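Please brief me on the local geometry, packing and strand pairing of this model.

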Amino acid sequence: MGNRVIFHIDMDAFFASVEQRENPEHRGKPVVVGADPEGGKGRGVVAACSYEARAFGVHSAMPIGRAFRLCPQAIFLRPNGAAYSHVSGAIMRILHRFTPVVEPISIDEAFLDMSGSERLYGNPLQAATQIKLTIRQEQKLTCSIGIAPNKFLAKIASDIRKPDGLFEVLPGTERDFLKDLPVSRIWGVGPKTEERLRFLGIATIGDVAARSKEFWIQRLGARGEHLWELSRGSDNRPMQPGSRFQSLSQERTFGKDTDDLGLLKETLLALSEEQARRARKHQTSAKTVSLKLRYADFSTFDRQRTLPQYTNDAQRIYAVAWNLLEGFFPLPQKVRLIGVGISHFQPADNPQLGLFEPPDQKKGRLNAGVDTIISRFGEESIRKASLLDTPVEGGEGFSSFLKK
């Protein structure tokens, strides 16, 4: 069997680029998509920013107030989730013209398996050039593409020459490509793991590869073995065509730090409603629910739980999220941000029920009816009484939530 040819397609500054495309007067100017900066006092985050804004030090997930202080002349826009989803769908359809093996991993990026496509599109660089040209011509947007024998390498490669980049990691050059890159480039190496690795004298991916597999297993167990494999460019994960995304998440940054349990409960319910509705919109169900909690001092914690059955029902998601939050009680300080995520999906039309659990057809029909009303008349058309005074802002640019 020959080497796999995996593409990672990553749209450039996607939200901001869509805004600049739709508003020609914004082109060439710093654009920041996210919460209201409120003159530098805003408490939300940056969902995305143009490369013109990045030149001033602005980046995604940065507190919006700091973004304003760095670049007060920027054009600050609230997210338009419907527009971004529409454009994303058009881009995914373009990608499916080139190969049926497409694995979207977020609204603006996807893996493609282009193995064996040389007779149709030429060598990988030629095929990637055709994809880039098609997206530019039809959507007036640019993307960056990484080409490699596996997902891990392709994703890193797509970031090498952004924006509008194209980079190929040839088979046999994997370790040389990785050796001088910072260890933080490895999936799963966050700030805490990076700090621990630096204590061991590890700064680059090459430093990881230079140690033995046994060395890493002794110190990090199974995670250590995985770290060592990736450092050598080895990633055997298969493609998952048909999956729409790996996770969905939604966050709220409070206007004022709070320890009001009633407000926290209402917010979790609102976020759970939104996650459930988005899952149903994509005709999928999730098995894992996660909670994100950020305190007033910016310390951040994540917890998750895997359910016995898949679900896209808000009450089930909320029950798990609240139970995860209870694990932090009593709260040591006030809360700045809270978020709910869902992951590990399967198509909703193929539910895995418990042995003694009948299908909840009535609730399914109710959820479908609510979704239809909201789709036709908007998110303000039907609402849950307990959510009447619970606005949500921040997150991944999709700040609306279900009210019924």
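Aspartate 164 is partly exposed, with a relative accessible area of 34%; partly exposed lies between buried, under 20% relative accessible area, and exposed, over 50% (1.4 Å probe, protein chains only). Its phi is near 55 degrees, a positive value in a residue other than glycine. Aspartate 164 sits in the loop between α7 and β8. Helices (H or I, at least four residues) and strands (E, at least two) are DSSP runs, numbered from the N terminus.

The model is predicted: local features need pLDDT of at least 70, side-chain atom pairs count only at pLDDT 80 or more, and totals for chains, interfaces and linings use all residues. Residues are numbered from 1 along each chain as its sequence is written, and side-chain values use heavy atoms, with hydrogens and water left out.

**Backbone exceptions**

- The loop between α7 (151–158) and β8 (166–168) also holds proline 163. The peptide bond from lysine 162 to proline 163 is cis, with omega near -5 degrees.
- A cis peptide bond also joins phenylalanine 329 and proline 330, where omega is about -10 degrees. Proline 330 belongs to the loop between α14 (314–326) and β12.
- Alanine 61 is not a glycine, yet has a positive phi of about 75 degrees. Its loop runs between α2 (51–54) and α3 (64–70).
- Is alanine 61 buried or exposed? Alanine 61 counts as exposed because its relative accessibility is 55%.

**Valine 335**

- Valine 335 lies in strand β12 (residues 335–347). Valine 335 counts as buried because its relative accessible area is 0%.
- Which residues does valine 335 touch, leaving aside neighbours within four places in sequence? The contacts are Phe254, Asp257, Thr258, Leu264, Leu293, Arg294 and Tyr295. Contact means heavy atoms within 4.5 Å.
- Valine 335 and phenylalanine 254 are 81 residues apart in sequence. Their C-alpha atoms are 8.0 Å apart in space.

**Helix pair α4 and α6**

- The axes of α4 (residues 81–98) and α6 (residues 124–139) come within 10 Å. They cross at roughly 145 degrees.
- Axes are lines fitted to C-alpha atoms, for helices over the stretch in contact, and angles run from 0 to 180 degrees between N-to-C directions.
- From α4, the contact uses Val87, Ala90, Ile91, Ile94, Leu95, Arg97 and Phe98. From α6 come Gln130, Ile131, Thr134, Ile135, Glu138 and Gln139.
- These contact residues divide into 8 nonpolar, 3 polar and 2 charged. Ala, Val, Leu, Ile, Met, Phe, Trp, Tyr, Cys and Pro count as nonpolar, Asp, Glu, Lys and Arg as charged, and the others, Gly among them, as polar.

**Nonpolar core**

- The largest nonpolar core has 34 residues. Such a core is a set of buried Ala, Val, Leu, Ile, Met, Phe, Trp, Tyr and Cys residues joined through side-chain atoms within 4.5 Å.
- Phe7, Phe14, Leu95, Leu112 and Ile131 have the most contacts inside this core. Helix α4 gives the most to the core, with 7 residues.
- Leucine 95 touches Ile9, Val102, Ala110, Leu112, Ile131 and Ile135, not counting residues up to four places away in sequence.

**Strands around β6**

- Strand β6 (residues 109–113) has 5 of its 5 residues buried. Glu109, Phe111 and Asp113 cover one side, with Ala110 and Leu112 on the other.
- Strand β1 (residues 6–11) runs antiparallel to β6, joined by 5 bridges. Two strands pair if DSSP finds at least two bridges between them.
- Strand β5 (residues 102–106) also pairs with β6 in the antiparallel sense, over 4 bridges. A hairpin of 2 residues joins β5 to β6.
- Alanine 110 in β6 stands opposite isoleucine 9. Proline 104 stands opposite alanine 110 too.

- An open sheet of 3 strands has the order β3-β2-β4, with mixed pairing. Its edge strands are β3 (46–49) and β4 (75–77), each pairing on one side only. The twist averages 25 degrees from one strand to the next.
- Strand β2 (residues 31–34) pairs with β4 in the parallel sense over 3 bridges. Valine 31 has isoleucine 75 in β4 as its bridge partner.
- Helix α1 packs on this sheet and touches β2, β3 and β4. The direction of α1 makes about 120 degrees with that of β2.
- In helix α1 (residues 14–22), 8 of its 9 residues are buried. Among them are Phe14, Phe15 and Val18.
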